[in-house]
Amino acid sequence: MSIIAILYYNNETNKLHEKRSMEIKTVVMSYEKELMQAEMDKVPYLFHPPKEFFTVALLKEDKQTLFSSFKTPLLDLNTTPYAVHQLATPINGVAYIVVDEDMSEREILRLKFIILFTMVISALFVGVEGYFLSRLLLKPVHLRIEKLNHFIKDSSHELNTPVAALMMSVSNLKQSSFKDIRVINHISISTKLISQIYNSLSYIAFHDIDEVFEESFDLALLIQESVGFFNEIASTKDNIITAQLQTTFVYMDKSRIQKVIHNLLSNAIKYSYPQTAICVELSEHLLTVKNEGIGIHKENQKSIFKRFERRSNAVGGFGIGLDIVNSVCKRYDIKVWVESIPNKETTFFLHFPITHIGVKD
């Protein structure tokens, strides 16, 4: 639109200048004719103002004004936009015919207004048309996303009962006379993995409507509880989780920060090499979770926090764990970042701001 507008403007102004040039020549010729006629008739020349929008001045050889329809004194002829025509020989004492006009500026201004108005109307039309076309074309996508969201919510709701039943059954098996510890451990680990998946799906589906209960609690105790929960899962790869935790009281929703810790530990186990240590440290309001494994390349370290983003197909997952970490951290102004050396180690850092540090009741 801009290119068309510029081309149209240039074309129209060129036409306008050509038209004015021809009109000025006509005016000059008419005055020259009248001067010659008066000289031939041996009568004094009677000056008459030009018609329409032209202004004319007749000058002597020394450029002094003889006749003029200018309302103000003439400016320097060498530096003004006047059309100055010098007669071959003076006629009736007139050596120069000076012509000026003010219609071109008004017409150019009018042309600019028309072009600008047309572009604004066109842009509005294109915008409105684009809006309705995008709504029409994206409607099937919105419907699919809505169905997918309903499916996730329904699935999360339906998983709640069997997961709770499995957890209870494992607890009963451990207290019963059933002696095959290996089977019990497999069932326990599988149940915990299902529970972790359920918790992630549940947060994605319901976090916007879940009630938030913020309280002051010792973050170290919560992390210790999570480490105990994941130790059994880590043992399947002969990994061990070490924890060095300093008492740190924070004020936030305990269940949400627990999901953050669970997802960090789950990823640390998932992407670590077998028979390596996963180190968890908490001190000076800084939580670090370090593992030895495949690592994350520099260019991928920011995008891993996006939903459904997975940078490795070596292990399973939905790509929602770090999205949950990121969303909870944003809610509580927790600064989160990652440092990694590919094929060696990865460390996640969570720095809790002073504004959310609580005090023990």
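These are my notebook entries on a predicted model.

**Ground rules.** Numbering starts from 1 along each chain as its sequence is written, and side-chain values use heavy atoms, with hydrogens and water left out. Because the model is predicted, local features need pLDDT of at least 70 and side-chain atom pairs count only at pLDDT 80 or more, while totals for chains, interfaces and linings use all residues.

**Overall make-up.** I looked up the secondary structure first. The protein has six helices and eleven strands. Helices (H or I, at least four residues) and strands (E, at least two) are DSSP runs, numbered from the N terminus. I then checked burial. Of the 361 residues, 35% are buried. Buried means under 20% relative accessible area, exposed over 50%, and partly exposed in between (1.4 Å probe, protein chains only). Next came contacts, meaning heavy atoms within 4.5 Å. Among contacts between residues at least 6 apart in sequence, 68% join residues at least 24 apart.

**The sheet.** I traced an open sheet of four strands in the order E2-E1-E4-E3, with antiparallel pairing. Two strands pair if DSSP finds at least two bridges between them. The edges are E2 (65-68) and E3 (83-91), each pairing on one side only. Neighbouring strands are turned by 20 degrees against each other on average, direction ignored. E1 (residues 54-59) and E2 run antiparallel and are joined by three bridges. I found Ala 57 opposite Ser 68 of E2.

**H4 against H5.** Two packed helices are described by the angle between their axes and the distance between the axes. Axes are lines fitted to C-alpha atoms, for helices over the stretch in contact, and angles run from 0 to 180 degrees between N-to-C directions. For H4 (residues 219-234) and H5 (residues 254-270), I noted an angle of about 35 degrees and axes 10 Å apart. Their crossing is right-handed. A crossing is left-handed if the near helix is turned anticlockwise from the far one by less than a right angle, and right-handed if clockwise. H4 contributes residues including Leu 222, Phe 229 and Phe 230, and H5 contributes residues including Ile 257, Ile 261 and Leu 265. By class, the contact has twelve nonpolar, four polar and two charged residues. Ala, Val, Leu, Ile, Met, Phe, Trp, Tyr, Cys and Pro count as nonpolar, Asp, Glu, Lys and Arg as charged, and the others, Gly among them, as polar.

**H5 against H6.** H5 also packs with H6 (residues 321-331), at an angle of about 145 degrees and with axes 9 Å apart. This crossing is left-handed. Among the contact residues are Arg 256, Val 260 and Leu 264 of H5, and Leu 322, Val 325 and Arg 331 of H6. I logged six nonpolar, three polar and three charged residues here.

**Cysteines.** I searched the whole structure for disulfides (a pair of cysteine sulfur atoms within 2.5 Å) and found zero. Cys 279 counts as partly exposed because its relative accessibility is 27%. Cys 329 is at 1%, so it counts as buried.

**Positive phi.** I listed two residues here. Lys 42 is not a glycine, yet its phi is positive, about 55 degrees. Lys 42 sits in the loop between H1 (2-40) and E1. Its relative accessibility is 75%, so Lys 42 counts as exposed. Asn 343 has a positive phi near 65 degrees, and is likewise a residue other than glycine. Asn 343 lies in the loop between E10 (335-341) and E11 (345-351). Asn 343 counts as exposed because its relative accessibility is 58%.
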